[in-house]
Amino acid sequence: MVDTQAGALRAHNVTVRFQGITAINEVSLSLEPGDIRGLIGPNGAGKTTLVNVLSGLETPSCGHVTLDGRSLQGRPPHQFRRRGIARTFQSGRLFGELTVAENVIVPAVNLGFTSRQAAAHARELLAWVNLADKTELIAGILAGTDNRRLGIARALAANPRFILLDEPAAGMSEIECEEITRLITAIPQTFAAGVLLIDHNMEVVMRACERIHVLDSGRMIAEGAPAEVRSNQAVISAYLGIVVTGQRRRVNVDAA
Ligand SMILES: Nc1ncnc2c1ncn2[C@@H]1O[C@H](COP(=O)(O)OP(=O)(O)OP(=O)(O)O)[C@@H](O)[C@H]1O
Ligand SMILES: [Mg+2]
(Lines give C-alpha, C1' and ligand atoms only; values in the text may rest on other atoms or scores of the structure.)
(Ligands and ions follow the chains in the order given, each with its own letter.)
Protein backbone atom coordinates (compact mmCIF):
# COMPACT_ATOMS: atom_id res chain seq x y z
CA MET A 1 0.00 0.00 0.00
CA VAL A 2 1.27 3.50 -0.83
CA ASP A 3 1.15 5.76 2.21
CA THR A 4 0.98 9.41 1.27
CA GLN A 5 1.57 10.62 4.83
CA ALA A 6 5.33 10.38 5.23
CA GLY A 7 6.29 11.04 8.83
CA ALA A 8 3.04 9.62 10.14
CA LEU A 9 2.38 6.65 12.40
CA ARG A 10 -0.71 4.96 11.05
CA ALA A 11 -2.97 2.03 11.82
CA HIS A 12 -4.65 0.80 8.64
CA ASN A 13 -7.92 -1.12 9.04
CA VAL A 14 -6.60 -2.99 12.04
CA THR A 15 -8.55 -5.86 13.55
CA VAL A 16 -7.46 -7.75 16.68
CA ARG A 17 -9.23 -10.92 17.79
CA PHE A 18 -8.67 -12.80 21.03
CA GLN A 19 -10.23 -16.27 21.08
CA GLY A 20 -13.65 -15.23 19.85
CA ILE A 21 -13.54 -11.62 21.11
CA THR A 22 -13.00 -8.92 18.50
CA ALA A 23 -11.20 -6.29 20.57
CA ILE A 24 -10.85 -3.83 17.67
CA ASN A 25 -12.51 -4.07 14.29
CA GLU A 26 -11.12 -2.41 11.13
CA VAL A 27 -9.78 0.57 13.01
CA SER A 28 -7.69 3.24 11.30
CA LEU A 29 -5.89 6.12 12.96
CA SER A 30 -3.13 8.45 11.81
CA LEU A 31 -0.79 10.30 14.15
CA GLU A 32 1.47 12.96 12.71
CA PRO A 33 4.48 14.75 14.20
CA GLY A 34 3.23 17.66 16.29
CA ASP A 35 -0.22 16.10 16.80
CA ILE A 36 -1.90 15.72 20.16
CA ARG A 37 -4.73 13.30 19.48
CA GLY A 38 -7.12 11.84 21.99
CA LEU A 39 -8.51 8.31 22.04
CA ILE A 40 -11.56 7.82 24.22
CA GLY A 41 -14.30 5.27 24.74
CA PRO A 42 -15.93 3.08 27.39
CA ASN A 43 -14.06 0.43 29.38
CA GLY A 44 -13.28 -2.47 27.07
CA ALA A 45 -13.72 -0.37 23.90
CA GLY A 46 -10.30 -1.43 22.60
CA LYS A 47 -8.14 1.64 23.35
CA THR A 48 -5.24 -0.21 24.99
CA THR A 49 -5.42 -2.90 22.30
CA LEU A 50 -4.92 -0.22 19.65
CA VAL A 51 -1.95 1.23 21.57
CA ASN A 52 -0.54 -2.29 21.86
CA VAL A 53 -0.78 -2.63 18.07
CA LEU A 54 0.78 0.80 17.45
CA SER A 55 3.70 -0.08 19.77
CA GLY A 56 4.25 -3.60 18.43
CA LEU A 57 3.02 -5.49 21.50
CA GLU A 58 0.08 -6.95 19.67
CA THR A 59 0.10 -8.28 16.11
CA PRO A 60 -3.10 -7.45 14.25
CA SER A 61 -5.27 -10.31 12.97
CA CYS A 62 -5.92 -8.10 9.90
CA GLY A 63 -4.57 -4.73 8.81
CA HIS A 64 -1.18 -3.27 9.60
CA VAL A 65 0.80 -0.35 11.04
CA THR A 66 3.04 1.94 9.02
CA LEU A 67 5.65 4.49 10.02
CA ASP A 68 6.83 6.91 7.33
CA GLY A 69 4.80 4.84 4.89
CA ARG A 70 6.70 1.61 5.65
CA SER A 71 4.93 -1.36 7.13
CA LEU A 72 6.04 -2.50 10.59
CA GLN A 73 4.16 -5.76 10.17
CA GLY A 74 5.74 -8.63 12.11
CA ARG A 75 8.39 -6.49 13.79
CA PRO A 76 9.01 -7.04 17.50
CA PRO A 77 8.30 -4.27 20.05
CA HIS A 78 11.96 -3.24 20.45
CA GLN A 79 12.06 -2.37 16.74
CA PHE A 80 9.04 -0.13 17.20
CA ARG A 81 10.92 1.53 20.09
CA ARG A 82 14.06 1.92 18.00
CA ARG A 83 12.04 3.63 15.29
CA GLY A 84 10.82 6.18 17.81
CA ILE A 85 7.52 4.84 19.12
CA ALA A 86 7.27 5.04 22.90
CA ARG A 87 4.36 4.35 25.21
CA THR A 88 3.30 4.32 28.82
CA PHE A 89 1.29 1.53 30.42
CA GLN A 90 -2.04 1.78 32.16
CA SER A 91 -0.63 -0.51 34.84
CA GLY A 92 2.63 1.42 35.26
CA ARG A 93 5.08 -1.42 34.51
CA LEU A 94 8.00 0.40 36.11
CA PHE A 95 11.15 -1.32 37.38
CA GLY A 96 9.99 -1.36 41.00
CA GLU A 97 13.34 -2.31 42.51
CA LEU A 98 15.36 0.32 40.65
CA THR A 99 15.60 3.99 41.55
CA VAL A 100 13.50 6.60 39.82
CA ALA A 101 16.59 7.79 37.90
CA GLU A 102 17.54 4.25 36.87
CA ASN A 103 14.04 3.72 35.47
CA VAL A 104 14.80 6.45 32.94
CA ILE A 105 18.48 5.65 32.43
CA VAL A 106 18.02 1.94 31.64
CA PRO A 107 15.74 2.34 28.59
CA ALA A 108 17.93 5.17 27.27
CA VAL A 109 21.06 2.99 27.54
CA ASN A 110 19.20 0.09 25.92
CA LEU A 111 18.48 2.35 22.97
CA GLY A 112 22.11 3.35 22.48
CA PHE A 113 22.85 6.31 24.77
CA THR A 114 26.08 6.20 26.79
CA SER A 115 25.59 5.94 30.57
CA ARG A 116 26.70 9.52 30.99
CA GLN A 117 24.32 10.84 28.29
CA ALA A 118 21.48 8.77 29.71
CA ALA A 119 22.08 10.03 33.27
CA ALA A 120 22.14 13.67 32.14
CA HIS A 121 19.03 13.16 30.03
CA ALA A 122 17.27 11.43 32.93
CA ARG A 123 18.02 14.36 35.25
CA GLU A 124 16.49 16.81 32.77
CA LEU A 125 13.43 14.67 32.11
CA LEU A 126 12.80 14.00 35.79
CA ALA A 127 13.03 17.71 36.55
CA TRP A 128 10.59 18.34 33.70
CA VAL A 129 8.00 15.97 35.20
CA ASN A 130 8.60 17.43 38.69
CA LEU A 131 10.40 14.43 40.14
CA ALA A 132 13.78 16.16 40.61
CA ASP A 133 13.70 15.61 44.37
CA LYS A 134 12.83 11.91 44.07
CA THR A 135 15.46 10.64 41.64
CA GLU A 136 17.18 8.39 44.20
CA LEU A 137 13.99 6.88 45.65
CA ILE A 138 13.14 3.28 44.85
CA ALA A 139 10.42 3.44 42.19
CA GLY A 140 8.37 0.75 43.91
CA ILE A 141 7.57 3.07 46.81
CA LEU A 142 6.41 6.01 44.71
CA ALA A 143 2.83 7.19 45.10
CA GLY A 144 0.48 6.37 42.21
CA THR A 145 0.51 9.74 40.54
CA ASP A 146 4.32 10.01 40.76
CA ASN A 147 4.37 6.66 38.95
CA ARG A 148 2.44 8.17 36.08
CA ARG A 149 4.89 11.05 35.70
CA LEU A 150 7.84 8.68 35.92
CA GLY A 151 6.22 6.58 33.18
CA ILE A 152 6.12 9.64 30.94
CA ALA A 153 9.77 10.53 31.68
CA ARG A 154 10.77 6.94 30.93
CA ALA A 155 8.88 6.92 27.64
CA LEU A 156 10.55 10.21 26.66
CA ALA A 157 14.03 8.89 27.53
CA ALA A 158 14.67 7.57 24.03
CA ASN A 159 13.74 10.83 22.27
CA PRO A 160 10.69 9.25 20.64
CA ARG A 161 8.95 10.61 17.58
CA PHE A 162 5.60 9.44 18.93
CA ILE A 163 4.50 8.86 22.49
CA LEU A 164 1.35 6.90 23.33
CA LEU A 165 -0.02 7.69 26.80
CA ASP A 166 -2.41 5.12 28.29
CA GLU A 167 -4.43 6.83 31.02
CA PRO A 168 -1.70 9.11 32.41
CA ALA A 169 -4.16 11.07 34.55
CA ALA A 170 -5.84 8.05 36.19
CA GLY A 171 -6.27 8.64 39.91
CA MET A 172 -5.02 12.23 39.81
CA SER A 173 -6.51 15.10 41.77
CA GLU A 174 -7.82 18.18 39.97
CA ILE A 175 -4.57 20.06 40.56
CA GLU A 176 -2.48 17.12 39.37
CA CYS A 177 -4.70 16.84 36.27
CA GLU A 178 -4.02 20.49 35.45
CA GLU A 179 -0.30 19.89 35.82
CA ILE A 180 -0.29 16.73 33.69
CA THR A 181 -2.37 18.50 31.02
CA ARG A 182 0.27 21.25 30.89
CA LEU A 183 3.04 18.66 30.53
CA ILE A 184 1.23 16.70 27.81
CA THR A 185 0.40 19.77 25.78
CA ALA A 186 4.06 20.85 25.93
CA ILE A 187 5.40 17.53 24.58
CA PRO A 188 5.19 18.30 20.81
CA GLN A 189 7.13 21.57 21.11
CA THR A 190 9.53 20.49 23.85
CA PHE A 191 10.40 17.05 22.48
CA ALA A 192 9.27 17.21 18.83
CA ALA A 193 7.04 14.17 19.43
CA GLY A 194 3.46 13.50 18.41
CA VAL A 195 1.14 12.39 21.23
CA LEU A 196 -1.75 9.93 21.42
CA LEU A 197 -3.58 10.40 24.71
CA ILE A 198 -6.02 7.92 26.20
CA ASP A 199 -7.85 8.97 29.32
CA HIS A 200 -11.25 8.73 30.95
CA ASN A 201 -10.86 12.25 32.34
CA MET A 202 -12.65 14.26 29.67
CA GLU A 203 -11.39 17.57 30.99
CA VAL A 204 -7.80 16.48 30.41
CA VAL A 205 -8.53 15.02 26.96
CA MET A 206 -10.70 17.90 25.74
CA ARG A 207 -8.18 20.50 26.90
CA ALA A 208 -5.07 18.77 25.63
CA CYS A 209 -6.19 17.40 22.26
CA GLU A 210 -6.78 19.07 18.94
CA ARG A 211 -8.62 16.03 17.61
CA ILE A 212 -10.27 13.11 19.35
CA HIS A 213 -11.05 9.59 18.13
CA VAL A 214 -13.81 7.60 19.79
CA LEU A 215 -13.87 3.82 20.05
CA ASP A 216 -16.92 1.84 21.10
CA SER A 217 -17.01 -1.98 21.20
CA GLY A 218 -13.92 -2.12 19.00
CA ARG A 219 -15.18 0.23 16.30
CA MET A 220 -14.17 3.82 15.65
CA ILE A 221 -17.48 5.66 15.89
CA ALA A 222 -16.30 9.27 15.62
CA GLU A 223 -13.36 11.55 15.02
CA GLY A 224 -13.26 15.31 15.30
CA ALA A 225 -12.37 18.42 17.23
CA PRO A 226 -13.32 18.33 20.95
CA ALA A 227 -16.46 20.45 20.39
CA GLU A 228 -17.64 18.16 17.56
CA VAL A 229 -17.04 15.01 19.61
CA ARG A 230 -18.77 16.46 22.67
CA SER A 231 -21.94 17.13 20.67
CA ASN A 232 -21.85 13.93 18.58
CA GLN A 233 -24.99 11.93 19.32
CA ALA A 234 -23.35 8.53 18.81
CA VAL A 235 -20.57 9.47 21.25
CA ILE A 236 -23.03 10.77 23.82
CA SER A 237 -25.03 7.53 23.58
CA ALA A 238 -22.00 5.24 23.73
CA TYR A 239 -19.89 7.04 26.28
CA LEU A 240 -20.35 10.63 27.36
CA GLY A 241 -24.07 10.28 28.08
CA ILE A 242 -23.46 7.28 30.31
CA VAL A 243 -21.78 9.47 32.89
CA VAL A 244 -25.04 11.30 33.51
CA THR A 245 -26.59 8.09 34.78
CA GLY A 246 -23.52 7.51 36.95
CA GLN A 247 -22.78 4.09 35.47
CA ARG A 248 -19.32 4.93 34.20
CA ARG A 249 -17.49 6.09 37.27
CA ARG A 250 -14.10 6.50 35.65
CA VAL A 251 -15.26 9.37 33.46
CA ASN A 252 -15.00 12.90 34.78
CA VAL A 253 -18.68 13.86 34.79
CA ASP A 254 -18.31 17.64 35.00
CA ALA A 255 -16.14 17.88 31.95
CA ALA A 256 -18.15 15.48 29.85
N1 LIG B 1 -5.00 -10.46 26.02
C2 LIG B 1 -6.33 -10.48 25.91
N3 LIG B 1 -7.01 -11.65 25.82
C4 LIG B 1 -8.35 -11.68 25.69
N5 LIG B 1 -9.12 -10.58 25.63
C6 LIG B 1 -8.52 -9.38 25.71
C7 LIG B 1 -7.09 -9.26 25.86
N8 LIG B 1 -6.77 -7.94 25.91
C9 LIG B 1 -7.93 -7.27 25.81
N10 LIG B 1 -8.97 -8.14 25.70
C11 LIG B 1 -10.38 -7.78 25.52
O12 LIG B 1 -10.44 -6.87 24.43
C13 LIG B 1 -11.39 -5.85 24.68
C14 LIG B 1 -10.70 -4.49 24.61
O15 LIG B 1 -9.84 -4.35 25.74
P16 LIG B 1 -8.93 -3.08 25.96
O17 LIG B 1 -8.07 -3.36 27.15
O18 LIG B 1 -8.24 -2.73 24.71
O19 LIG B 1 -10.01 -1.96 26.30
P20 LIG B 1 -9.80 -0.46 26.82
O21 LIG B 1 -10.61 0.41 25.92
O22 LIG B 1 -8.36 -0.16 26.96
O23 LIG B 1 -10.52 -0.50 28.25
P24 LIG B 1 -10.18 0.32 29.61
O25 LIG B 1 -10.80 1.68 29.46
O26 LIG B 1 -10.89 -0.47 30.68
O27 LIG B 1 -8.70 0.34 29.80
C28 LIG B 1 -12.01 -6.16 26.04
O29 LIG B 1 -13.17 -6.93 25.82
C30 LIG B 1 -10.94 -7.00 26.72
O31 LIG B 1 -11.50 -7.86 27.67
MG1 LIG C 1 -7.15 0.33 28.54
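Student: In what order do the 4 strands of the open sheet stand?
Tutor: This is a predicted model: local features need pLDDT of at least 70, side-chain atom pairs pLDDT 80 or more, while totals for chains, interfaces and linings use all residues. Residues count from 1 along each chain as written; chains run from A and ligands from 1, in written order. Strands are DSSP runs of E, at least two residues, and helices runs of H or I, at least four, numbered from the N terminus. The pairing is antiparallel, and the order is β2-β1-β4-β5.

Student: Over how many bridges do β1 and β2 pair?
Tutor: Strand β1 covers residues 9–18. Phe-18 stands opposite Ile-21 in β2. The two strands pair (at least two DSSP bridges needed) in the antiparallel sense, over 7 bridges.

Student: What angle does helix α1 make with β1?
Tutor: Helix α1 (residues 47–54) packs on the sheet. The helix touches β1, β2 and β4 (62–67), contact being C-beta atoms within 7 Å. Between N-to-C directions of axes fitted to C-alpha atoms, for helices over the stretch in contact, on a scale from 0 to 180 degrees, the angle is about 120°.

Student: Which element gives the largest share of the shell around ligand 1?
Tutor: The surrounding residues include Phe-18, Ile-21, Lys-47 and Gln-90, each with its C-beta atom within 6 Å of the ligand. β2 and α1 are the elements that give two or more residues. The largest share, 3 residues, comes from α1.

Student: Is Ala-158 buried or exposed?
Tutor: Ala-158 lies in the loop between α5 and β7 (162–166). Beyond four places in sequence, Ala-158 touches Arg-81, Ala-86, Pro-107, Ala-108 and Leu-111. Because 23 C-beta neighbours lie inside 10 Å, Ala-158 counts as buried.

Student: What separates the C-alpha atoms of Ala-158 and Val-109?
Tutor: Along the chain, the two residues are 49 residues apart.

How values were computed
Contact = placed C-beta atoms within 7 Å. Buried ≥ 20, exposed ≤ 12 C-beta atoms within 10 Å, placed from the backbone.
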